[in-house]
Every structure is written in structure tokens, then in C-alpha cells.
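The following paragraphs lead through the structure shown below, from its overall make-up to individual residues. Please keep the sequence at hand while reading.

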Amino acid sequence: GLVHDVHHPGLTPAFLSKASMDGEWLSPITPPLEEADMELSLKYNDQSPLENMHCAITFQLLTQDRTGFLPKDEVMAMRKPLVRAILGTDMAKHA
């Protein structure tokens, strides 16, 4: 559970998918929500956008000098199982 919701914007994939199609926002985007969060569905082609974002941010953090706390070979060894575990949290795939 440590990384499966990292940087979660608090919005559903369905909302993000609809939002990326509609363009202009009627209300301001305020932190912790970011402008880039509104394009997650577009970026990941509506395929588990939140889970893909969680994976990308997790491995970005684990591989940066400033935030990485594990040896790179250990990060790469756990990459596939961790990605599989995070993508497995997409409840739309279990309906």
C-alpha cells in the first residue's frame, strides 16, 4: 500500500477521462490538484490512468539521486512485480 496511491489527485478515472475531453474548467484548479492531473487520461489513453501515474512517479522517485534510497539493481529487480501490483489496484479491471 505504500505506493499504489502516490500523488492521487482525488478524482476518478471516469471524471479525468471526461474532463480531458471537455477543455476549459469552470472552477479553479487548486493544490493538491495540478493542471497535469487533468490530462492523465489523455496521457495514458484511458488505460488505468491513475495506476500508470502511480507507477511512473514511484519509479521516478526511486531512481533519482535525491530521493532514491535503494540500490538501482534492487529497484530494477522489483520493477515488474511492483508495476503488476499497482496496476492490479485498478478496480475497473475487476468489475
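Helices (H or I, at least four residues) and strands (E, at least two) are DSSP runs, numbered from the N terminus. In these terms, Ile86 lies in helix 4, and the protein as a whole contains four helices and zero strands. Read from the N terminus on, its elements follow the order α-α-α-α.

The model is predicted: local features need pLDDT of at least 70, side-chain atom pairs count only at pLDDT 80 or more, and totals for chains, interfaces and linings use all residues. Residues are numbered from 1 along each chain as its sequence is written, and side-chain values use heavy atoms, with hydrogens and water left out. The score pLDDT is the predictor's confidence in each residue, from 0 to 100. Its average over the protein is 85, and 89% of the residues score at least 70. Confidence is lowest in helix 1 (residues 13–22), with a mean of 76, and highest in helix 4, with 94. Where pLDDT is low, the predicted coordinates should not be read in detail.

Burial is expressed through relative accessible area: buried means under 20%, exposed over 50%, and partly exposed in between (1.4 Å probe, protein chains only). Of the 95 residues in the protein, 26% are buried. A contact means heavy atoms within 4.5 Å. Among contacts between residues at least 6 apart in sequence, 60% join residues at least 24 apart.

The packing of two helices may be considered next. Helix 3 (residues 49–63) and helix 4 (residues 72–87) pack at an angle of about 165°, and their axes are 10 Å apart. Here axes are lines fitted to C-alpha atoms, for helices over the stretch in contact, and angles run from 0 to 180 degrees between N-to-C directions. Helix 3 is therefore roughly antiparallel to helix 4, a label given to angles over 145 degrees, while those under 35 count as roughly parallel, 65 to 115 as roughly perpendicular and the rest as oblique. On the side of helix 3, the residues in contact include Glu51, His54, Cys55 and Thr58; on the side of helix 4, they include Met78, Leu82, Ile86 and Leu87. The residues of this contact divide into nine nonpolar, four polar and three charged. In that division, Ala, Val, Leu, Ile, Met, Phe, Trp, Tyr, Cys and Pro count as nonpolar, Asp, Glu, Lys and Arg as charged, and the others, Gly among them, as polar.

Leaving out residues up to four places away in sequence, Ile86 touches Val3, His4, Glu51, His54, Cys55 and Thr58. Although Ile86 and His4 are 82 residues apart in sequence, their C-alpha atoms are 5.2 Å apart in space.

Leu87 also has its place in helix 4, but at 30% relative accessibility Leu87 counts as partly exposed. Apart from neighbours within four places in sequence, Leu87 is in contact with Ser48, Glu51, Asn52 and Cys55.

Ser48 itself is found in the loop between helix 2 (40–43) and helix 3, and counts as buried because its relative accessibility is 9%. Beyond residues up to four places away in sequence, Ser48 touches Leu87, Asp90 and Lys93. Met91, in the segment after helix 4, is exposed, with a relative accessible area of 59%. Met91 and Ser48, 43 residues apart along the chain, have their C-alpha atoms separated by 9.2 Å.
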